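Work through the exercises below with the sequence and the 3D structure open. Each task is followed by a solution in steps.

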Amino acid sequence: MNGKHSRKTGCVDLQNPHIEELGVDHLYHISLNTQTHNLPEMFSDVKFVCTGGTPRRMEKFAHFVQRELGIKLPTGTALYDISARSYRYSMYKVGPVISVSHGMGIPSLSILLHELIKLIHHAHCEDVTFLRLGTCGGIGLPGGTLVITSEAVDGLLNPYLKLHILGRVVKRPAVIDKDLVQELKEIADSELNECSTVVGKTMCTDDFYEGQGRLDGAFCDYTMEDKMDFLNEIHSKGITNIEMESLAFAAICQHAGVKGAVVCVTLLDRLHGDQIDTCKETLEYWQELPQKLALAFIKKRMNLT
């Protein structure tokens with residue numbers, strides 16, 4: 001199988017001895033395997049894995065990358081969804097960039113990252129950087145603000161991902177690479193003058209409504225005063241935004257030994273409301289901001305700026 005080929009410096013070594021014992025490794029949720037597909041031939045040049053919530057957003061990012069990097073496709077061909085037959089995620093490869101949707105929440109993201117990490121292992125990719133490009137609710141930040149996560153915590157402000165494995169609780173630190181955060185911030189300050197960019201601590205929750213203290217879900221057993229006390233308390237402790245994937249993203253990248261960063265755009269300031277009622281055109285524009293920062297980062301790393 002492809003994973004048994006000689007490895008290069010900078011490749012990811014899986015922390016799972018059982019993988020090498022498999023005759024074929026089926027990356028079921030992204031419609032790839034080590035028997036049918038020549039993964040090194042298809043993916044060995046990948047340097048950047050960019051993830052985001054929705055298939056449409058990541059398809060648009062793939063076209064954005066193709067256009068901005070000047071990547072020419074063979075005549076008569078077009079970008080295609082590599083994982084279309086899985087009916088779960090959408091994944092595109094554009095030169096050294098994978099653009100892939102991760103769905104909503106930690107479970108969906110976790111499944112994808114397991115298989116992406118195995119993919120870059122089997123493909124012998126070197127020095128790959130992972131980026132999550134998403135949306136969030138700001139805490140004291142207006143809509144349209146970029147937040148680069150410096151630290152991810154759970155709903156109790158714990159800086160680790162808690163897993164239940166074989167009946168035991170396993171805690172994995174959610175560590176973000178500080179140099180990567182600084183690099184992204186410097187690029188944002190020099191390249192993105194159309195928005196404000198902050199570096200801050202991100203709260204990652206298991207729920208969009210009650211878990212984030214919203215008053216507009218199907219259930220709510222707390223008051224407006226309770227909600228505001230909670231939001232003001234976490235704001236005082238450095239929380240700048242709330243979303244639902246950063247904790248697992250940081251912990252899995254750290255555990256795998258790959259560098260990863262999270263860049264999200266705020267869709268509202270949760271200190272002033274719960275519902276996202278901004279017009280679609282503005283939301284579309286805001287959601288392009290993390291992609292613009294990612295593209296500027298990719299160009300810098302490829303010496304194209």
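In this predicted model, helix H6 is followed by Gly-257, whose phi is positive, near 80°.

**Exercise 1.** Locate Glu-245, decide whether Glu-245 is buried or exposed, and name its contacts beyond four places in sequence.

Solution. 
- Step 1: Glu-245 sits in the loop that runs between strand S11 (239-243) and H6.
- Step 2: The relative accessibility of Glu-245 is 5%. Burial requires a value under 20%, so Glu-245 counts as buried.
- Step 3: With neighbours within four places in sequence left aside, Glu-245 touches His-102, Gly-103, Met-104, Gly-105, Ile-106, Leu-109, Arg-132 and Cys-204.

**Exercise 2.** Describe the nonpolar cores of the chain.

Solution. 
- Step 1: The largest nonpolar core here holds 79 residues. Phe-43, Phe-61, Met-91, Leu-119 and Phe-130 have the most contacts inside this core.
- Step 2: Helix H7 (residues 280-301) supplies the largest share of this core, nine residues.
- Step 3: Look at Phe-43 and leave aside its neighbours within four places in sequence; its contacts are Leu-32, Ile-82, Met-91, Lys-93, Ile-98, Leu-119, Ala-123 and Cys-125.
- Step 4: Another core, of seven residues, lies apart from the largest one; Ile-139, Met-203, Leu-231 and Ile-242 are among its members.

**Exercise 3.** Characterise the protein chain as a whole: what are its helix and strand counts, and how does its radius of gyration stand against the globule rule?

Solution. 
- Step 1: The chain contains seven helices and 12 strands.
- Step 2: Its radius of gyration is 19 Å, close to the 19 Å given by the globule rule for 305 residues, so the chain is as compact as a globular protein of that length.
- Step 3: Buried residues account for 50% of the 305 residues.
- Step 4: Among contacts with a separation of 6 or more, 76% join residues 24 or more positions apart.
- Step 5: The side chains include 31 positive and 38 negative ones, and the centres of these two sets are 5 Å apart.

Terms used: Residues numbered from 1 in each chain as written. Predicted model: local features only at pLDDT ≥ 70, side-chain atom pairs only at ≥ 80, totals over all residues. Heavy atoms only, no water. Helix = DSSP H or I, 4+ residues; strand = E, 2+ residues; numbered from the N terminus. Rg over C-alpha atoms; globule rule 2.2 N^0.38 Å. Buried < 20%, exposed > 50% of the residue type's maximum accessible area, 1.4 Å probe, protein only. Contact = heavy atoms within 4.5 Å. Lys, Arg positive; Asp, Glu negative; His and termini not counted. Charge placed at Lys NZ, Arg CZ, Asp CG, Glu CD. Core = buried A, V, L, I, M, F, W, Y, C linked by side-chain atoms within 4.5 Å.
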